[in-house]
Amino acid sequence: ALKHEATPKALADAFAAALLVRCGYKKDDAYDAELKPTILWLQQKLCCTNEDTLVICVDEIGDLQCQVQEPTFNMPSATMSSVMNIANEFEGQVVFIFSHIKDSVLLTGASGSGRQVLSLQLPPLSPSVWKELSLLHKWQNAASDHAEIHQLLLACCGHPRCLVDGLPAALRQRPSLLEHPTEASLVEARHVIIQTSKFNDISTSDMDEVIFKWFSLKQSQTLNVSELIANGLLLRLPGDVDVLNPLMLQSWSAGATRQSQTPMRWHLSQVYDADAVLGPNTEKKMEGLMFHYEALLRVGLKGKSIPLRDFYVGGCIDPELGSKQVTALLPSSRDLVLHVPNFQNTESVLSKLRDGWILVSKEHNEPGVEFLTPWQEHGSGKLLVAAVQCKFVKSKVTWKDVSQKLQVVKDSLTSEAVQVFPVVYATPDQESIQTKTYKGGVYFTESGIFEFTNRLGILRLHVMKLGTVLKSHYPWLEGSQVQEAQGQIA
């Protein structure tokens, strides 16, 4: 409708024409519209009195484009400013609500009018809202049959556009998705949801930087949270839980060829793959999730030293152990995890640990230990080895039995130059652990595991054996459960 150059009056009149068309006018009849008479006409049609306020909602103002604009001309901002200048003449009887995914677009445009501008963030919905929407009943049924679909629904984090627009669009694109969710169809589905939800307003290089900082522990504090929220990259869940959009994380991790995959992309993709096959009867899958997640965090450290307590966030850690300053040495490989026959060859095991490998035993009956993680103590150069046990359980853990089993490997590796300490990733439904239990090591409960891993979003790990303690902190997790979701990536 913009006829000539983009002057303030021309922009306001073009907006009036668009408004009339939305009210049912033919384009030709709306062509010569002016905004002030159009608003007066609307007030008359709606029988507005002097005590009434006319509210006009304009969705996605940031998508407004014009063929005559200059390359540096900001059409959305200029239009908002022009429209609100006219609205000023109505002295509060006309209010415009503009929406866009980025605050900066809204505030830049509206501030030039002289009117008071309020920036409102929509409150988060419950991440389990997908179970309450009738339009997603097919998805709800599929989530019980296919763990991958359950994971996809959890990754939406209750975002309205993902659920209402993104999921239906993904199903239209691939009608067989709910019956046969293959790896290719899931990658495609995430891409469609991201595009439909408009989460992609960020460059690849910026995305690389954001994700690296997100998984670099202390450095994540340097992220511009408000900007990430505005871009749809950071989602704030009820209970003040911030997660980097899991759909974006998974899409990013799958966005490179096998040859060009970085360690961070590789381990991030492996974490989600392990979570997708985790279920009530697949406890052993938890170890894969945890050693790939550890590898991911170690890459994010970039060789910087940290106190151990900053790595094992959420765990109950011996104070003396937690204060030790350590560095994660990394092997020159995309995959930082090395599978070995067992841990019986002490010399070979220690050599590989000094090279920075996370060692996983192929013998699933290895006494008390499922993988070993090396750290180098800052200053002394001493090798600190975490002997890790994973217990994906709901009932209480017999900590004494776990400790005794860990002792076998601990004794075989310990020397003057090597200190071995236990790390137990467990999900028992209990509020706390006695201090004497975690003396000399690191022990987790279900709540601690959630705090440690929620950088990844809501995982099946968090909901498949949900206990009362974690549920009391985050009631919405209960609604995210499904009955015996079984399946695996094809």
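The structure, a predicted model, holds ten salt bridges.

**View A. Salt bridge between Glu34 and Lys9.** The side chains of Glu34 and Lys9 meet in a salt bridge with an N to O distance of 3.7 Å. The two partners belong to distant parts of the chain, 25 residues apart: Lys9 is in helix α1 (residues 8–22), and Glu34 is in the loop between α2 (27–30) and α3. Lys9 is exposed because its relative accessible area, 51%, is over 50%. Glu34, at 40% relative accessibility, counts as partly exposed.

**View B. Salt bridge between Glu89 and Lys36.** In this pair the closest N and O atoms are 3.0 Å apart. Glu89 is partly exposed, with a relative accessible area of 45%, and Lys36 is partly exposed, with a value of 36%.

View C. The side chains of Arg236 and Asp242 meet at 2.7 Å, N to O. Arg236 counts as partly exposed at 39% relative accessibility, and Asp242 is partly exposed with a relative accessible area of 23%. Elsewhere, salt bridges with shared partners join Lys9, Asp13 and Glu34 into one network.

**View D. Surroundings of Thr53.** Thr53 is found in the loop between α3 (35–45) and β1 (54–58). At 45% relative accessibility, this residue counts as partly exposed. Leaving aside residues up to four places away in sequence, Thr53 touches Gly92, Gln93, Val94 and Val95. The C-alpha atoms of Thr53 and Gln93 are 4.4 Å apart in space, although the two residues are 40 residues apart in sequence.

View E. The axes of α12 and helix α13 (residues 263–276) come within 8 Å and cross at roughly 125°, which makes α12 oblique to α13. The crossing is left-handed. On the α12 side the contact is made by Pro246, Leu249, Gln250, Trp252 and Ser253, and on the α13 side by Met264, Arg265, Leu268, Ser269 and Tyr272. By class, the contact has six nonpolar, three polar and one charged residues. Gln250, located in helix α12 (residues 246–253), counts as buried because its relative accessible area of 6% is under 20%. Apart from residues up to four places away in sequence, Gln250 touches Gln151, Ala155, Arg190 and Tyr272.

Key: Residues are numbered from 1 along each chain as its sequence is written. This is a predicted model: local features need pLDDT of at least 70, side-chain atom pairs count only at pLDDT 80 or more; totals for chains, interfaces and linings use all residues. Side-chain values use heavy atoms; hydrogens and water are left out. Helices (H or I, at least four residues) and strands (E, at least two) are DSSP runs, numbered from the N terminus. Buried means under 20% relative accessible area, exposed over 50%, partly exposed in between (1.4 Å probe, protein chains only). Contact means heavy atoms within 4.5 Å. Axes are lines fitted to C-alpha atoms, for helices over the stretch in contact, and angles run from 0 to 180 degrees between N-to-C directions. Angles under 35 degrees count as roughly parallel, over 145 as roughly antiparallel, 65 to 115 as roughly perpendicular and the rest as oblique. A crossing is left-handed if the near helix is turned anticlockwise from the far one by less than a right angle, and right-handed if clockwise. Ala, Val, Leu, Ile, Met, Phe, Trp, Tyr, Cys and Pro count as nonpolar, Asp, Glu, Lys and Arg as charged, and the others, Gly among them, as polar. A salt bridge is a side-chain nitrogen of Lys or Arg within 4 Å of a carboxyl oxygen of Asp or Glu.
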